[in-house]
Amino acid sequence: MSDKVISALNDQVKAEIYSAHLYLSMSAYFHSIDMAGAGNWMRIQYQEELFHAHKLFDYIIERGGRAKLAAIDEPPAEWKSPLDVFESALAHEKKVTAMIGNLLELARQEHDHATEIFLHWFINEQVEEEASASAIVQQFKQVGDSVNGTFMIDRELASRVYHPPVDAN
Ligand code: FEO
(Lines give C-alpha, C1' and ligand atoms only; values in the text may rest on other atoms or scores of the structure.)
Protein backbone atom coordinates (compact mmCIF):
# COMPACT_ATOMS: atom_id res chain seq x y z
CA MET A 1 0.00 0.00 0.00
CA SER A 2 1.15 3.55 -0.61
CA ASP A 3 2.11 5.75 2.34
CA LYS A 4 -0.82 8.02 1.48
CA VAL A 5 -3.32 5.16 1.75
CA ILE A 6 -1.78 3.83 4.98
CA SER A 7 -1.90 7.31 6.50
CA ALA A 8 -5.53 7.83 5.44
CA LEU A 9 -6.52 4.41 6.84
CA ASN A 10 -4.84 5.29 10.15
CA ASP A 11 -6.78 8.60 10.17
CA GLN A 12 -9.95 6.58 9.74
CA VAL A 13 -9.00 4.34 12.69
CA LYS A 14 -8.75 7.51 14.75
CA ALA A 15 -12.13 8.75 13.46
CA GLU A 16 -13.80 5.43 14.33
CA ILE A 17 -12.37 5.45 17.85
CA TYR A 18 -13.56 9.04 18.24
CA SER A 19 -17.01 7.89 17.06
CA ALA A 20 -16.92 5.15 19.70
CA HIS A 21 -16.11 7.69 22.43
CA LEU A 22 -18.79 10.06 21.14
CA TYR A 23 -21.45 7.34 21.42
CA LEU A 24 -20.23 6.21 24.81
CA SER A 25 -20.52 9.83 25.95
CA MET A 26 -24.05 9.93 24.52
CA SER A 27 -24.78 6.73 26.46
CA ALA A 28 -23.59 8.40 29.67
CA TYR A 29 -25.81 11.42 28.92
CA PHE A 30 -28.88 9.21 28.45
CA HIS A 31 -28.23 7.38 31.71
CA SER A 32 -27.92 10.80 33.42
CA ILE A 33 -31.47 11.68 32.31
CA ASP A 34 -32.86 8.25 33.23
CA MET A 35 -33.20 6.96 29.68
CA ALA A 36 -31.48 3.60 30.10
CA GLY A 37 -32.92 2.26 26.82
CA ALA A 38 -31.29 5.00 24.75
CA GLY A 39 -28.19 4.54 26.93
CA ASN A 40 -28.15 0.89 25.88
CA TRP A 41 -28.62 1.79 22.20
CA MET A 42 -25.66 4.16 22.34
CA ARG A 43 -23.53 1.62 24.21
CA ILE A 44 -24.10 -0.84 21.36
CA GLN A 45 -23.28 1.86 18.84
CA TYR A 46 -20.01 2.32 20.75
CA GLN A 47 -19.26 -1.39 20.29
CA GLU A 48 -20.03 -1.13 16.56
CA GLU A 49 -17.62 1.76 16.19
CA LEU A 50 -14.88 -0.16 17.96
CA PHE A 51 -15.54 -2.99 15.52
CA HIS A 52 -15.08 -0.53 12.62
CA ALA A 53 -11.80 0.68 14.12
CA HIS A 54 -10.53 -2.89 14.62
CA LYS A 55 -11.53 -3.87 11.10
CA LEU A 56 -9.43 -1.02 9.65
CA PHE A 57 -6.56 -1.72 12.09
CA ASP A 58 -6.48 -5.40 11.10
CA TYR A 59 -6.61 -4.54 7.40
CA ILE A 60 -3.61 -2.18 7.65
CA ILE A 61 -1.60 -4.95 9.34
CA GLU A 62 -2.80 -7.61 6.90
CA ARG A 63 -1.50 -5.50 4.01
CA GLY A 64 1.87 -5.03 5.65
CA GLY A 65 1.28 -1.44 6.73
CA ARG A 66 2.10 0.11 10.08
CA ALA A 67 -1.00 0.76 12.19
CA LYS A 68 -0.61 3.84 14.37
CA LEU A 69 -2.75 5.27 17.13
CA ALA A 70 -3.33 8.99 17.66
CA ALA A 71 -4.71 11.11 20.49
CA ILE A 72 -8.50 11.14 20.52
CA ASP A 73 -10.33 14.45 21.01
CA GLU A 74 -12.68 14.73 23.97
CA PRO A 75 -16.28 14.22 22.84
CA PRO A 76 -19.11 16.52 23.94
CA ALA A 77 -20.87 15.46 27.16
CA GLU A 78 -24.09 17.48 27.17
CA TRP A 79 -26.99 17.84 24.76
CA LYS A 80 -30.23 19.80 24.86
CA SER A 81 -32.61 16.85 24.50
CA PRO A 82 -32.86 13.24 23.29
CA LEU A 83 -33.74 14.59 19.84
CA ASP A 84 -30.64 16.79 19.89
CA VAL A 85 -28.48 13.73 20.67
CA PHE A 86 -29.80 11.71 17.74
CA GLU A 87 -29.62 14.71 15.40
CA SER A 88 -25.96 15.09 16.43
CA ALA A 89 -25.42 11.37 15.83
CA LEU A 90 -26.95 11.62 12.36
CA ALA A 91 -24.85 14.69 11.49
CA HIS A 92 -21.78 12.82 12.72
CA GLU A 93 -22.56 9.77 10.58
CA LYS A 94 -22.91 12.01 7.52
CA LYS A 95 -19.40 13.31 8.20
CA VAL A 96 -18.09 9.76 8.52
CA THR A 97 -19.79 8.81 5.24
CA ALA A 98 -17.98 11.71 3.54
CA MET A 99 -14.66 10.54 5.05
CA ILE A 100 -15.18 7.00 3.75
CA GLY A 101 -16.03 8.46 0.34
CA ASN A 102 -12.77 10.44 0.33
CA LEU A 103 -10.86 7.34 1.35
CA LEU A 104 -12.39 5.41 -1.54
CA GLU A 105 -11.45 8.20 -3.95
CA LEU A 106 -7.87 8.10 -2.68
CA ALA A 107 -7.69 4.31 -3.10
CA ARG A 108 -8.87 4.76 -6.70
CA GLN A 109 -6.28 7.47 -7.40
CA GLU A 110 -3.58 5.20 -6.00
CA HIS A 111 -4.86 2.24 -8.06
CA ASP A 112 -5.21 0.30 -4.81
CA HIS A 113 -7.94 -2.11 -5.85
CA ALA A 114 -7.80 -4.23 -2.71
CA THR A 115 -8.41 -1.20 -0.50
CA GLU A 116 -11.19 -0.07 -2.79
CA ILE A 117 -12.94 -3.43 -2.42
CA PHE A 118 -12.28 -3.49 1.33
CA LEU A 119 -14.00 -0.10 1.66
CA HIS A 120 -17.20 -1.31 0.01
CA TRP A 121 -18.19 -2.88 3.34
CA PHE A 122 -17.89 0.53 4.99
CA ILE A 123 -19.87 2.24 2.23
CA ASN A 124 -22.76 -0.17 2.86
CA GLU A 125 -22.37 0.13 6.62
CA GLN A 126 -22.70 3.92 6.41
CA VAL A 127 -26.01 3.60 4.57
CA GLU A 128 -27.30 1.56 7.54
CA GLU A 129 -25.75 3.87 10.13
CA GLU A 130 -27.41 6.95 8.64
CA ALA A 131 -30.74 5.16 8.17
CA SER A 132 -30.93 3.94 11.76
CA ALA A 133 -30.04 7.34 13.28
CA SER A 134 -32.45 9.06 10.91
CA ALA A 135 -35.33 6.70 11.84
CA ILE A 136 -34.86 7.49 15.54
CA VAL A 137 -34.68 11.25 14.84
CA GLN A 138 -38.07 10.91 13.12
CA GLN A 139 -39.53 9.02 16.08
CA PHE A 140 -38.45 11.70 18.55
CA LYS A 141 -39.82 14.40 16.26
CA GLN A 142 -43.16 12.61 16.09
CA VAL A 143 -43.61 12.35 19.85
CA GLY A 144 -42.42 15.91 20.52
CA ASP A 145 -42.60 16.74 24.24
CA SER A 146 -44.80 13.74 25.11
CA VAL A 147 -43.42 11.96 28.20
CA ASN A 148 -45.31 8.79 27.28
CA GLY A 149 -44.01 8.88 23.72
CA THR A 150 -40.43 9.38 24.91
CA PHE A 151 -40.86 6.50 27.37
CA MET A 152 -42.10 4.23 24.56
CA ILE A 153 -39.11 5.06 22.34
CA ASP A 154 -36.74 4.48 25.24
CA ARG A 155 -38.29 1.07 25.87
CA GLU A 156 -37.84 0.16 22.22
CA LEU A 157 -34.20 1.30 22.22
CA ALA A 158 -33.61 -0.93 25.27
CA SER A 159 -34.18 -4.00 23.09
CA ARG A 160 -31.15 -3.43 20.86
CA VAL A 161 -28.49 -6.14 21.20
CA TYR A 162 -24.99 -6.25 19.77
CA HIS A 163 -24.41 -8.65 16.89
CA PRO A 164 -20.93 -8.62 15.40
CA PRO A 165 -21.38 -8.44 11.60
CA VAL A 166 -21.38 -11.88 9.95
CA ASP A 167 -19.15 -10.75 7.08
CA ALA A 168 -16.70 -9.49 9.67
CA ASN A 169 -13.63 -10.33 7.63
FE1 FEO B 1 -18.07 3.82 12.02
FE2 FEO B 1 -20.74 5.08 12.61
O3 FEO B 1 -19.39 4.86 11.43
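Student: What makes a set of residues a nonpolar core, and how many residues does the largest one have?
Tutor: A nonpolar core is a set of buried Ala, Val, Leu, Ile, Met, Phe, Trp, Tyr and Cys residues joined through side-chain atoms within 4.5 Å. The largest in this chain has 21 residues, and Leu 9, Leu 56, Ile 60, Phe 118, Leu 119 and Phe 122 have the most contacts inside it. At least two core residues come from each of helix 1 (3-32), helix 2, helix 3 (82-109) and helix 4 (113-143). Helix 1 gives the most, six residues. A second, separate core has 20 residues, including Tyr 23, Trp 41, Trp 79 and Leu 157.

Student: Where do these values come from?
Tutor: The model is predicted: local features need pLDDT of at least 70, side-chain atom pairs count only at pLDDT 80 or more, and totals for chains, interfaces and linings use all residues. Residues are numbered from 1 along each chain as its sequence is written, and side-chain values use heavy atoms, with hydrogens and water left out.

Student: How do you know how many helices and strands there are?
Tutor: Helices are DSSP runs of H or I with at least four residues, strands are runs of E with at least two, and both are numbered from the N terminus. By that rule the chain has five helices and zero strands, in the order α-α-α-α-α.

Student: What makes the chain as compact as a globular protein of its length?
Tutor: The globule rule is 2.2 Å times the number of residues to the power 0.38, and the radius of gyration is taken over C-alpha atoms. For 169 residues the rule gives 15 Å; the chain has 17 Å, which is close, so the chain counts as compact in that sense.

Student: Is Phe 57 called buried, exposed or partly exposed, and why?
Tutor: Buried means under 20% relative accessible area, exposed means over 50%, and partly exposed lies in between (1.4 Å probe, protein chains only). Phe 57 has 30%, so Phe 57 is partly exposed. The residue sits in helix 2 (residues 36-62).

Student: Which residues does Phe 57 touch, leaving out those up to four places away in sequence?
Tutor: Contact means heavy atoms within 4.5 Å. On that count Phe 57 touches Val 13 and Ala 67. For Phe 122, with the same exclusion, the contacts are Glu 16, His 52, Lys 55, Leu 56 and Ile 100.

Student: Why is the pair of Arg 160 and Glu 48 called a salt bridge?
Tutor: Side chains of opposite charge can pair when their charged atoms come close. The definition asks for a side-chain nitrogen of Lys or Arg within 4 Å of a carboxyl oxygen of Asp or Glu. In this pair the closest N and O atoms are 3.5 Å apart, so the pair qualifies. Arg 160 lies in the segment after helix 5 (147-157) and Glu 48 in helix 2, 112 residues apart. Glu 48 has 17% relative accessible area and is therefore buried.

Student: How do you know that Glu 87 and Lys 141 qualify?
Tutor: Their closest N and O atoms are 3.9 Å apart, which is within the cut-off, so the pair is a salt bridge. The pair joins helix 3 to helix 4. Glu 87 is partly exposed at 33%, and Lys 141 is partly exposed at 47%.

Student: What is Arg 108 paired with, and what makes a network there?
Tutor: Arg 108 forms a salt bridge with Glu 116, with the closest N and O atoms 3.1 Å apart. Salt bridges with shared partners join Glu 105, Arg 108 and Glu 116 into one network. Glu 116 is buried at 16%, whereas Arg 108 is partly exposed at 40%.
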